[in-house]
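Biologist: I would like to learn how to read a model like this one. Could you take me through it step by step?

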Amino acid sequence: MITPTTSGILREYQRFLSCEIGVDELITFCRTGSFRTAATRSIAWRILLKCLPINSLEWVPVIEQSRREYATLRSRHVANPRDPLCVQDPQLNNPLSEHSKSPWSRYFADGELRDLILKDVARTFPEIELFQDAEVKSLMCSVLHVYAKDNPFIGYKQGMHEILAPLVFVLYNDQQLYQHALEDFQLRSLDRTALHILQVLHDSNYFEADAYVLFCEVMRELTPWYEDAGIVEPPEPHPFERLQDTMITSRLLKELNEIGQRLAEFDPPLYRHLTNLDIPAQLFGIRWLRLLFGREFPLPDLLFLWDIILSDRPISRIVECVFLAMLVYIRENLLASDYGGCLQFLMRYPPVVDVMAFAQLALHFRAPLRNSRPKDSQLTNYSNMTLQGTVHPNAGNQKRTVSQPPPQQRSQQANRGKQRRPYRQEEIPKALGIFEEQVAVLQQRLNERDIVTAVSAKRIEELVKNLERGSLEIGTIAAQLREVGQQLGSLTMDRRKETPEAKSPAQEERIKVANEPVRSGTPRIFGVNELRELNTNNQNFSHSKPPSQQVPRDRVLGIPRF
Amino acid sequence: MARTYDYLFKLLLIGDSGVGKTCVLFRFSDDSFNNSFISTIGIDFKIRTIDLDGKKIKLQIWDTAGQERFRTITTAYYRGAMGIMLVYDITNEKSFENIKNWIRNIEEHASQDVERMIIGNKCDMEDRRVVSRDRGQQLSIEYGTKFMETSAKLNHNIEEAFYTLARDIKGKMERGQGQTVGVGGTTGRYQQDSTIAAQGNNLCKNRHTFHCDFIAF
Ligand SMILES: Nc1nc2c(ncn2[C@@H]2O[C@H](COP(=O)(O)OP(=O)(O)OP(=O)(O)O)[C@@H](O)[C@H]2O)c(=O)[nH]1
Ligand SMILES: [Mg+2]
């Protein structure tokens, strides 16, 4: 659970209660990550979603009204004959009654809907304890059921449960923190009015109603993406029809199509790469949009992304930007991958290391002049490696990034660490920092290799085409092939080869150089013991000057593309 | 660069929500099972390369959400599929009855000679069985498909099911009957892959190899 500091929580409540915060400040707080450790995210979201006005004095009547409304809806739609809210007339309320007003007949009719919802609720965030709780499950079922019945045109669609889940989590979290602060006498200095407001707001008896109200507001934004598609078949099926050519009538597919077009503007090479591989946004983006990225980020990061998304309504613009940022964030991996590899990255999105920097990139796309683009070094993507050793459920057992086993050499250098004594407590943060940098360096090298191989393969392919067509002179082709050869050779050679002679060594030479382990052009990879020595011998060593920055980023990016 | 596969088959898993499609796929691709899977939203995708009679076959397996039937992605998703597994849950009558609807769906959207196979999953739950083996068998005879009962949980018949389906597709191809596979239209180069492989003559085989080496590296 996210725990704010003692004095922090009081201060947080005061800020809201005294109406110090205007909507603009609220938005700034959201974007700068202030709610990442806050106890008031649920309040912020309720205000952003217009479930609550900004003026705290109006909260109690507003919230009580919405809870009453929910109670009415619930008793109308949830025909649970055992629910005390239900008609208690024994003539009507018995399983054998065939009266159409009998709660039982409705109960049986709703069976299919209930099953469908339950199937999904049972499969919600299996790694988070809260969602294994029977009461929470039943709460979620009710909310989704009432929503489906009250919105018959949309009903229940798979995925809605994972829109509801983060809302439930946030409400629950804040209730708990409030309760804790209260019992811990942290709120003593608040006056009675203030305490009453907080009490009503966090009343766990209305957990379900409050979740419903929030859920409806979020769904207001998302319904277009849950609507059924009326796909219009083209009059004659075209033999080479692709997913993106299908006549699009659903707003979800339209949206995804537009996102594809924006990618073409923002990052033409990446767009071309994905288009050539025939991977349109429609293929992997359905889940991204319907779940508002819920499976692509671990929950704490997701909630922060939602802070940003919910503070920018209507949300479709910012969602588009997050979507683009996700693609750009892993662009090097994508560019270096084949069809299968790309789909693995897109359908099992690799962990984002620094979600703040990532959000910065999305905000930059949203308003380039107002928000600067984060530095590439901040965005260094460790790809599938996670330092905590935990993997998002969606990442599964995914180790393969390119759908082909990686070459042997990759694992060799990594295993150089010898036995060492365990780290002392105070050494851990520093060592971790260094390790992170090392991982970044390794990852960058791998990326670099992948890119060079990918580019070379494409280039060879181009040349072969030219050869077949006879559209280029043999001499030119030979020269270009030589260049490709050099580029490939440079993967295994000392990369600081300034002299022209070094650029075209004889084949045997090349092999010889390739076998030499020392690569002076890139930062060293330290063994574990060396790292420790570095730690103790050089107190000034700090990872604020990370070795990874010595790898000229532009060398990675500067490789010609086609 | 070494050739990574001889054939590429696109397979689909379809069936009602909750019958265990994702679990079946996960068992096959990652050899594991846990009770707390998450429901599929949109499309998911896994790859596994298998050896079959000395040939390397790359299986590209697509998994959809059960509720996605007749919806968003539908038709384009079926195109180019060479094998389809229709999955029901032996403890769920409705999912079995719906197989007929799914088959109708295939007939509308997938290519005619796509290999089909009916799977009755969760056969470890004998005590809760409501669809007998016989009824499953009967249905498959009616539609002229193969049939198997599986358990993703106990890893029963999962490998067999995928291998059988792959072998049937391969056989069809090598007998040269598979020429129209994918002609119903498919996603770009997989179309080419499958038709080229299907034709099976030497020239085309070489082109196929070339194709794999340089594009699908
Ligand atoms: N006992 C048993 N349970 C299974 C088996 N396969 C799947 N399940 C359970 O069935 C539930 C649904 O499985 P999924 O694989 O998620 O179902 P699905 O067909 O992919 O469902 P959608 O993604 O909604 O279309 C899971 O909770 C599994 O635990 C099996 O072989 N035996
Ligand atoms: Mg599934």
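Biologist: How many helices and strands does the secondary structure of chain A come to?

Modeller: Helices (H or I, at least four residues) and strands (E, at least two) are DSSP runs, numbered from the N terminus. By that rule, chain A has 25 helices and 0 strands. A word on conventions: this is a predicted model, in which local features need pLDDT of at least 70 and side-chain atom pairs count only at pLDDT 80 or more, while totals for chains, interfaces and linings use all residues. Residues are numbered from 1 along each chain as its sequence is written, and chains are lettered from A and ligands numbered from 1 in the order in which they are written.

Biologist: And which elements does chain B have, from the N terminus on?

Modeller: Chain B has 7 helices and 6 strands, and they follow one another as β-α-β-β-α-β-α-β-α-β-α-α-α.

Biologist: What percentage of the residues count as buried in chain A, and what percentage in chain B?

Modeller: A residue is buried if 20 or more other C-beta atoms lie within 10 Å of its own, exposed if 12 or fewer, and partly exposed in between, with C-beta atoms placed from the backbone. In chain A, 35% of the 562 residues count as buried; in chain B, 53% of 217 do.

Biologist: How do I read the strand order of the sheet in chain B?

Modeller: Strands of a sheet pair through backbone hydrogen bonds, either parallel or antiparallel. Two strands count as paired if DSSP finds at least two bridges between them. Here, 6 strands of chain B form an open sheet in the order β2-β3-β1-β4-β5-β6, with mixed pairing. Its edge strands, β2 (43-52) and β6 (146-149) of chain B, each pair on one side only. On average, neighbouring strands of this sheet are turned by 25° against each other, direction ignored; axes are lines fitted to C-alpha atoms, for helices over the stretch in contact, and angles otherwise run from 0 to 180 degrees between N-to-C directions.

Biologist: How many bridges join β4(B) to β5(B), and how many join β5(B) to β6(B)?

Modeller: β4(B) and β5(B) (residues 115-121) run parallel, joined by 7 bridges, and Asp89(B) stands opposite Asn121(B) in β5(B). Helix α4 (residues 133-143) of chain B packs on the sheet, touching β5 and β6 of chain B, and its direction makes about 160° with that of β6(B). Between β5(B) and β6(B), also parallel, there are 4 bridges; Gly120(B) has Glu149(B) as its bridge partner in β6(B).

Biologist: What handedness does the β-α-β unit of β5(B), α4(B) and β6(B) have?

Modeller: A crossover is right-handed if, with the strands pointing away from the viewer, the path from the first strand over the helix to the second runs clockwise. This unit is right-handed.

Biologist: Why does Gly83(B) count as buried?

Modeller: Gly83(B) counts as buried because 24 C-beta neighbours lie inside 10 Å. The residue lies in strand β4 (residues 83-89) of chain B. Two residues are in contact if their C-beta atoms, placed from the backbone, lie within 7 Å. Leaving aside neighbours within four places in sequence, Gly83(B) has contacts that include Phe9(B), Val114(B) and Leu165(B). The C-alpha atoms of Gly83(B) and Leu165(B) are separated by 6.8 Å, although the two are 82 residues apart along the chain.

Biologist: Finally, where does ligand 1 lie?

Modeller: Ligand 1 lies between chains A and B. A residue is near a molecule or strand if its C-beta atom, placed from the backbone, lies within 6 Å of it. Of the 23 residues around ligand 1, Ser17(B), Gly20(B), Thr22(B), Thr40(B) and Gly66(B) come nearest.
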